[in-house]
Amino acid sequence: MIDAVGVTKRYGDRVAVDDVTFTVRPGAVTGFLGPNGAGKSTTMRMILGLDAQTAGEVRVNGKRYADHPAPLREVGALLEAKAVHTGRSAYNHLLALALTHGIPRRRVDEVVELVGLREVARKRVGGFSLGMGQRLGVAAALLGDPHTLVLDEPVNGLDPEGVRWIRQLLRSLVADGRTVFLSSHLMSEMELTADHLVIIGRGRLIADTSMAEFTARFSRKVVRVRTPEGGALRDLLVGPDVTVTAPETGLLEVHGLTSGEIGQLACRNAIPLEELTPVTASLEEAFMDLTQDAVEFSVHQDVLTERTAS
Amino acid sequence: MTATLTKAQRPSAAPLPDDIRVTQLRVMHSEWHKFWSLRSSYFTLAATLIAMIGFGGLFAAVTATRWTHMRPVEQAHFDPTAVSLRGFYLAQLVVGVLGVLIVTGEYSTGMIRSSLGAAPRRLPVLIAKAVVFAVITLVVTTVTAFVAFFLGQYLLSSHHIETTIGADGVARAVVGAALYLTVVGLMGVGLGFVVRSTAGAIASLFGILLVLPVLGEALPTDWATNIDPYLPSNAGQQIMVVHPDPSALLGPWSGFAVFCGYAAIALVLGAVLLRRRDA
Ligand SMILES: Nc1ncnc2c1ncn2[C@@H]1O[C@H](COP(=O)(O)OP(=O)(O)O)[C@@H](O)[C@H]1O
Ligand SMILES: [Mg+2]
């Protein structure tokens, strides 16, 4: 259980996290979603007391993280940035952390086994691949057998094998009844794992909703219509519950009507249609729409099509 | 969809014991393990050994062979203890770097976030690092100071210019070399927490220890006589003077106390900043 109430973090003039309130409920995966720079990593560091919030409060199982007599027993964390001395072996790194709490050595062996690092546990971490480093981070997070796990973009930069491993791990953690708070900048990651979503953009809370609710609300139907008489058709279609956008000339995207309704309307008004395709907007698009205004640096791309080049 | 199992039902092999929690002693145990699980610790301790014993022996040997050619003034000022302990000058660089590195090595690699995540009250980490470092360094430098002293006296004895450990002020000077070196390292630990970058902390430490006295000498004489004795390394090195000048502002132990005061300032400042700043 993690409670963040009115949490704000300022770095100088820059507001990284702005008055954010949410709850991570026990026994489920809460996805923490937001574009890059939204403030996810900062929020997670504040949960662990690594960064001090400018205002507000974060509690883990009712107390500030630092006030727990055995913090590793409460929350296990895999942070975004590396947090390992490169000169030490994986085993010695884990043992050093275990010793602070009096966690027995057999538990170190257990987590090493669990993440599949036994072969390389005695090797220096400096030579580890990204995937091995993530495994070591997960081992450290599991050391205290905590009920809550905080994982900051665990699949970022991993190869497909590593991604698959993390997903399986997440599933087994949830099957154990653990609370997982998982950040990502990709909706597709969340669709696979999250029960609940906390979405932020530019440091502000945008949504705090169950995955089911989010899907119901945002997986809207869109119909793509291609016609030489776009202007005329548009005037016919728009209404209180219908929005029409024209991403390019001759193409309309219609929300709020079925393809059948559009076809009949066009036929009755003798408007020729070249294409009529129902499209389901993905949750990824819904997420992008939601956070668009909040994206810090939107990328302006000049799209050069083959046609204009030839 | 998510099964809610109680803790006992979880498939984590055997349950963990009940007394798991962070204590100062456990954080020290962790720091002890951290120290001995890095190769650089062994290299640095070996370098301290070589600096103290190797250079002490070398200076003693050179002095012995040159003795008959030395002018009477030089011979009158000759101090067999100081010659055998001369390696401290180099050793302080090595020990200082070691003290800095046990802290800044964690900042440069990001390890500090793991350390503070495991001991989020933070102060126990600084205390554990300082205590573990002080114990290890004091033991190693005491042994090497005595070895350097006895080796030096053995080499000087060929010209019957040696002294004995029982002579006035000698034992204090030998133990003092170890104490001085240990406190240099502790100052490095404190500055490591203040500055957090390896290069910056090493530069500050040696600026304080080596550059300040040189600047002090450039002061007008009436200022210099009042200020120079209180500069950190000048004060600290009094403890190694076998025949202290009774009219000096700071004697061996008062000088060393002043030096400890500087190291304490660095550590306290480091502690305050460690508590306040983001990791
Ligand atoms: N230590 C820091 N100092 C200054 N600005 C920071 C620091 N950490 C993060 N930021 C800024 O805070 C914002 C949020 O960053 P971050 O939490 O890393 O976002 P995310 O993890 O969602 O990508 C960004 O604008 C970033 O530049
Ligand atoms: Mg991030």
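**View 1. Polar contacts of ligand 1.** The side chain of Arg14(A) places an N or O atom 2.9 Å from an oxygen atom of ligand 1, a polar contact (a pair of N or O atoms within 3.5 Å). For Ser41(A) the corresponding distance from a polar side-chain atom to a ligand oxygen is 2.7 Å, and for the side chain of Thr42(A) it is 2.5 Å. The model is predicted, and local features need pLDDT of at least 70, while side-chain atom pairs count only at pLDDT 80 or more. Residues are numbered from 1 along each chain as its sequence is written.

**View 2. The shell around ligand 1.** There are 13 residues around the ligand, the nearest being Gly37(A), Gly39(A), Lys40(A), Ser41(A) and Thr42(A); a residue is near if one of its heavy atoms lies within 4 Å. α1(A) supplies the largest share, four residues; helices are DSSP runs (H or I) of at least four residues. By class, the shell holds four nonpolar, five polar (Gly among them) and four charged residues.

**View 3. The contact between chain A and chain B.** Chain A contributes 50 residues and chain B 40, contact meaning heavy atoms within 4.5 Å. The area buried between the two chains is about 3900 Å², with 56% given by carbon and sulfur atoms; buried area is the accessible area (1.4 Å probe) lost on being put together, summed over both parts.

**View 4. A salt bridge across the interface.** Lys9(A) and Asp278(B) form a salt bridge with their closest N and O atoms 2.7 Å apart; the rule requires a side-chain nitrogen of Lys or Arg within 4 Å of a carboxyl oxygen of Asp or Glu. Two salt bridges are found across this interface.

Terms used: Chains lettered and ligands numbered in written order. Heavy atoms only, no water. Polar contact = N/O pair within 3.5 Å; in protein donor to acceptor, adjacent residues only side chain to side chain. Helix = DSSP H or I, 4+ residues; strand = E, 2+ residues; numbered from the N terminus.
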